[in-house]
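Dear colleague,

Please find below the structure that I am handing over to you. My notes on it follow directly after.

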Amino acid sequence: MDIKLEKTTNPKEKPDEKNLGFGNYMTDHMFLINYDGDKGGWNNPRIVPYAPLEIEPNAVALHYAQETFEGLKAYRTEDGKIQLFRPDMNATRMINSNRRLCMPEMPEDMFIEAIKEVVKVDKDWVPSEKDTSLYIRPFMFTNEGMLGLHVSDHFLFAIILSPVGAYYENGIDPVDIIVEENYVRAVEGGTGFTKCGGNYAASALAQKEAEEKGFTQVLWLDGKERKYVEEVGSMNIMFVINGEVYTAPTEGTVLPGVTRDSIIHILKDWGIPVHEEKIAIEDLMEYGKTGELEEIFGTGTAAVVSPVKSLTYKDEKITVNDGKIGELTQKLYDELTGIQWGKKEDKYNWTVDIEE
Ligand code: COI
């Protein structure tokens with residue numbers, strides 16, 4: 001790709017790395033590329049100063065939500081190197097999301113090159129404070145102005161960057177979760193497996209009501225029988241029952257998480273049985289009462305490995321591991337973040353260096 005570079009003449013002051021939170025600060029630059037069917041597809045790749053985008057008020061994305069996105073991170077290692085974690089998985093997932101939303105598929109090599117180049121330009125924004133990283137948000141939407149419903153041929157793909165700390169306010173402290181009984185996130189044949197803005201918009205009301213009741217997130221049940229657990233608003237979820245790990249299968253309604261996949265690999269490597277199968281919420285609550293449900297944790301790029309302290313379903317609450325982070329959860333967190341920050345051997349070849 002021949003990427004044009006326009007550097008900012010007005011660099012921002014960098015935030016305090018000890019108080020980043022999640023998604024509060026944007027770096028100095030962003031990557032943009034257009035896709036226009038009538039111009040032979042992808043055209044005009046550029047890195048420009050981070051600034052508001054110009055968009056027609058009748059752009060299809062604003063009305064009909066033809067939008068997809070991804071999330072990954074760049075990590076600064078102790079020796080000052082910058083590395084990505086499994087960007088090929090994000091490229092593939094975005095291809096699958098775009099196929100479902102009738103949007104052009106960006107080839108994997110182009111997707112990774114764009115990320116590397118924009119991160120290189122903003123390399124001084126990759127934080128080095130413990131547990132911080134540079135969150136990378138590629139996204140794409142239909143920027144064609146047209147109110148009639150039709151399949152568009154004009155898109156903008158962008159990558160923005162944000163130095164981040166922990167996703168949840170309390171860091172790795174266990175969170176309280178409520179099982180959602182009224183609303184559904186995804187149904188078979190829908191877009192549950194994609195990373196599209198619409199899935200998150202459809203989840204917002206449940207999230208708001210959960211927060212009003214004092215919960216951090218909702219746990220979604222399947223959209224048909226409202227019987228089986230699927231995922232949490234911002235992460236996949238895993239349950240440790242009698243020493244074995246259970247998580248919902250990614251069969252169309254659940255997001256195929258990169259962290260989910262990585263944790264499954266690590267667990268299998270450690271000889272811990274992992275079951276990707278349907279788990280009924282009623283059974284889970286029962287295991288919670290007998291104490292057989294030993295740990296619960298969420299997995300996600302933003303959330304990393306996040307312990308869950310309690311589940312509330314139909315006004316019944318079970319507390320897991322006395323509300324403390326479980327041993328396996330902590331071990332998985334240490335292993336995964338150890339690889340991501342280059343402190344542990346990357347025997348899976350998951351990290352990708354950003355050559356400066
Ligand atoms: C991510 O983990 O990268 C996500 O996109 C989740 C989002 C809710 C922050």
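With which residue does lysine 344 form a salt bridge? The partner is glutamate 335, and the closest N and O atoms of the pair are 3.3 Å apart. Please note that this is a predicted model. Lysine 344 is partly exposed, at 38% relative accessibility, whereas glutamate 335 is buried, with a relative accessible area of 13%.

The whole structure contains 16 salt bridges. Among them is the pair of lysine 120 and glutamate 117, with 3.2 Å between the closest N and O atoms. Both residues belong to helix H3 (residues 108-121) and are three residues apart, about one turn of the helix. Lysine 120 is partly exposed at 28%, and glutamate 117 is partly exposed at 27% relative accessibility. Another salt bridge links the side chains of aspartate 322 and lysine 324 (3.9 Å, N to O); both of these residues are exposed.

I turn now to the ligand. Its shell includes Phe69, Arg137, Tyr167 and Ser234, and the shell residues divide into five nonpolar, three polar and two charged. Because domain 1 (4-164) and domain 2 (175-340) both contribute residues to this shell, the ligand lies between them. An oxygen atom of the ligand is 2.6 Å from an N or O atom in the side chain of tyrosine 135. For lysine 195, a polar side-chain atom lies 2.9 Å from a ligand oxygen, and a polar backbone atom of alanine 302 is 2.8 Å from an oxygen atom of the ligand. Taken alone, the ligand exposes 280 Å², of which the protein buries 89%.

With kind regards

Terms used
Residues numbered from 1 in each chain as written. Predicted model: local features only at pLDDT ≥ 70, side-chain atom pairs only at ≥ 80, totals over all residues. Heavy atoms only, no water. Near = heavy atom within 4 Å. Polar contact = N/O pair within 3.5 Å; in protein donor to acceptor, adjacent residues only side chain to side chain. Areas by Shrake-Rupley, 256 points an atom, 1.4 Å probe, with all protein chains shown as cover. Nonpolar A, V, L, I, M, F, W, Y, C, P; charged D, E, K, R; others polar. Domains from an automatic or database assignment. Salt bridge = Lys/Arg side-chain N within 4 Å of Asp/Glu carboxyl O. Helix = DSSP H or I, 4+ residues; strand = E, 2+ residues; numbered from the N terminus. Buried < 20%, exposed > 50% of the residue type's maximum accessible area, 1.4 Å probe, protein only.
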